[in-house]
Protein chains: 2
Amino acid sequence: MRIAVDASGGEFAPNEIVKGAIKAAHEYDVEIALVGKKSLLHLLAGKHLKKLNLSIIGASQNIDFHEHPMEAIRKKLRSSIVIGINLLKEGKVDAFVSAGNTGAVLCAAFFSLGKINGVERPALASIISLNRYSPALLLDAGANADCRPSHLLQFAQLGNVYVKYTFGVESPRIGLLSNGTEDTKGNRLIQESHQLIKNSDLNFIGNIEGTDLTKGTADVIVTDGFTGNIVIKTVEGLGDSFIKVRSPDHTRSLRGRALMADVGLGFLVKSMDYSEFGGACLLGVKGNVIVSHGRSRAKAIKNAIGLANRASEVNLSQLISEVKFNSEGKNGQ
Amino acid sequence: MRIAVDASGGEFAPNEIVKGAIKAAHEYDVEIALVGKKSLLHLLAGKHLKKLNLSIIGASQNIDFHEHPMEAIRKKLRSSIVIGINLLKEGKVDAFVSAGNTGAVLCAAFFSLGKINGVERPALASIISLNRYSPALLLDAGANADCRPSHLLQFAQLGNVYVKYTFGVESPRIGLLSNGTEDTKGNRLIQESHQLIKNSDLNFIGNIEGTDLTKGTADVIVTDGFTGNIVIKTVEGLGDSFIKVRSPDHTRSLRGRALMADVGLGFLVKSMDYSEFGGACLLGVKGNVIVSHGRSRAKAIKNAIGLANRASEVNLSQLISEVKFNSEGKNGQ
């Protein structure tokens with residue numbers, strides 16, 4: 001597999017991105033193309049190029065976090081995001097990983113790669129693993145703040161394919177995130193979506209609630225991008241608190257992660273740490289795109305490349321294109 | 001202060017409710033009226049009646065969790081919920097605490113006590129304390145799944161009064177929960193609500209996101225009841241995980257709470273435990289009503305009575321009735 005990595009995107013670019021790519025090149029059987037400022041990347045990664053499956057592709061421009069996504073991708077044709085997405089479009093790489101301006105990555109993916117036939121709204125799918133039994137996939141994690149019921153039905157279908165082929169779960173349990181488990185609970189969007197998903201041929205287990213996230217109740221957690229983003233960031237914030245904790249008398253900084261591991265709670269802190277999962281997969285566009293956290297350091301980038309590798313191995317966007325999407329919910333899988 | 005407590009409501013009623021009331025009668029300067037099955041309450045609390053400020057008020061019926069709220073309060077006029085709310089309406093008590101069927105408590109409060117003049121939608125306000133600096137108030141925590149922008153403006157006004165008078169914060173910082181901090185972020189509801197709250201005379205700090213919950217960014221966290229409920233329950237689920245954790249080899253059950261305290265993380269587990277705060281305050285009805293968790297044990301009930309006592313001391317529902325509510329957001333406080 002060949003994976004393009006945006007070396008200019010994210011708060012800790014390019015250093016941490018390059019470090020993460022080097023780790024990934026050691027760990028996975030992948031070729032990695034670092035996309036960014038050529039001379040800088042040669043300085044940082046030059047000595048590894050011959051030994052590892054690493055290469056450098058020049059991108060003289062950079063899209064900043066505060067830039068307007070649509071304007072930026074129109075004007076900055078030499079940016080790492082536009083070039084990376086184009087490499088994917090031209091089939092020169094199997095996946096693209098970026099920790100840069102999320103809006104710009106989404107726009108470039110929508111408009112350059114295009115949506116898969118029948119998909120109304122591509123969605124960001126985040127792995128959320130808050131119990132010791134099995135990870136779950138939450139989508140939409142933030143691509144679509146306002147959704148219609150047919151979008152949520154499609155998120156269920158997209159998540160179903162992802163979990164089936166990358167986690168290897170034969171018949172993923174689909175749960176709809178709501179403010180109560182009864183069928184009648186939810187806002188209007190959820191009540192209507194519930195009926196649509198219930199009438200599909202998916203393995204729909206009904207509404208689930210916030211407390212179910214830690215119980216392993218569902219393999220796919222369906223939600224709109226507004227709610228999904230808030231849930232993901234609430235968990236992230238709590239995870240950060242555990243890692244950064246100081247002793248009560250403030251005299252010493254405790255290594256939260258190590259301490260938690262000492263008392264047998266390591267798995268929980270690990271599961272609340274976004275860097276363990278590396279990023280969210282954009283499902284529904286013609287290509288495998290991984291959006292990483294803007295604060296990604298080397299470990300997160302390495303894991304994002306692992307995620308991209310897995311998506312490429314199963315040919316995820318091809319599998320999704322074989323699904324029959326419609327608002328009646330008849331799923332071709 | 002005189003507080004009526006629903007002794008028939010909740011999974012662990014009446015035993016844990018009575019235990020909680022006895023603890024509260026020891027701890028606070030309150031008179032407590034236990035509302036429930038008379039003979040049973042005499043058995044459980046009889047020997048304390050003379051020593052403590054405790055009394056028993058008979059309620060021969062009980063409203064179950066699965067019952068339809070509106071039907072139940074119409075039919076069961078001798079239920080602890082209907083009798084408790086009536087005591088409040090008649091001025092015989094200063095507050096009512098219930099861990100029973102939440103929908104039934106809300107219905108009884110709306111229809112029997114009535115809404116305060118100008119309030120469109122009463123809201124459930126939950127204390128959420130995920131940082132070591134200061135607690136925050138999140139509302140709506142679940143009373144209104146579908147909201148309009150004017151409702152969210154009023155939630156901001158309700159929360160402002162609560163935090164000002166019960167936490168003693170002069171000018172509470174009001175944050176609007178969204179999927180990003182920029183003014184343009186949010187779904188349509190949040191974007192429109194943002195403008196309304198911005199034009200009010202509240203101390204509006206703008207949009208906040210999930211990661212802000214642990215940072216102490218805002219004193220009042222404004223959200224619709226659907227999102228608020230999911231956030232509260234996500235935090236609750238994670239808190240439960242920490243408390244119930246077992247050792248990795250499953251051979252012994254670790255006391256999560258004690259272990260966390262040992263490593264200096266006690267404050268975080270405590271802050272994720274709903275029983276520390278006792279319940280949510282229903283703001284916007286003519287009376288002080290505290291809705292406790294259905295799984296409340298003695299500690300949660302004791303703390304809910306503390307919350308009811310505080311609301312009564314400051315005369316919360318009276319303070320709210322002095323606010324000038326309107327959709328332009330001119331706040332009389």
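Is A:Asn315 buried, exposed or partly exposed, and how many C-beta neighbours does it have inside 10 Å? Keep in mind that we're looking at a predicted model. The count for A:Asn315 comes to 14 C-beta neighbours inside 10 Å. A residue is buried at 20 or more and exposed at 12 or fewer, so A:Asn315 lands in the partly exposed group.

You'll find A:Asn315 in the loop that runs between α11 (298-313) and α12 (316-321) of chain A. Most residues other than glycine have a negative phi.

Now hop over to chain B. There, B:Asn315 sits in the loop between α11 (298-313) and α12 (316-321) of chain B. B:Asn315 has a positive phi of about 60 degrees, though it isn't a glycine. With 14 other C-beta atoms within 10 Å, B:Asn315 is partly exposed.

Chain B also has some peptide bonds to check out. Most peptide bonds are trans. But B:Ala13 and B:Pro14 are joined by a cis one, with omega about -5 degrees, and B:Pro14 belongs to the loop between β1 (2-6) and α1 (15-27) of chain B. Another cis bond links B:Leu139 to B:Asp140, with omega about 5 degrees. B:Asp140 is in the loop between β6 (136-139) and α6 (149-167) of chain B.

Finally, back to chain A for a pair of helices. The axes of α1 (residues 15-27) and α2 (residues 38-45) of chain A come within 10 Å and cross at roughly 50 degrees. That makes α1(A) oblique to α2(A), and their crossing is right-handed.

Conventions. Residues are numbered from 1 along each chain as its sequence is written. Chains are lettered from A and ligands numbered from 1 in the order in which they are written. This is a predicted model: local features need pLDDT of at least 70, side-chain atom pairs count only at pLDDT 80 or more; totals for chains, interfaces and linings use all residues. Axes are lines fitted to C-alpha atoms, for helices over the stretch in contact, and angles run from 0 to 180 degrees between N-to-C directions. Helices (H or I, at least four residues) and strands (E, at least two) are DSSP runs, numbered from the N terminus. Angles under 35 degrees count as roughly parallel, over 145 as roughly antiparallel, 65 to 115 as roughly perpendicular and the rest as oblique. A crossing is left-handed if the near helix is turned anticlockwise from the far one by less than a right angle, and right-handed if clockwise.
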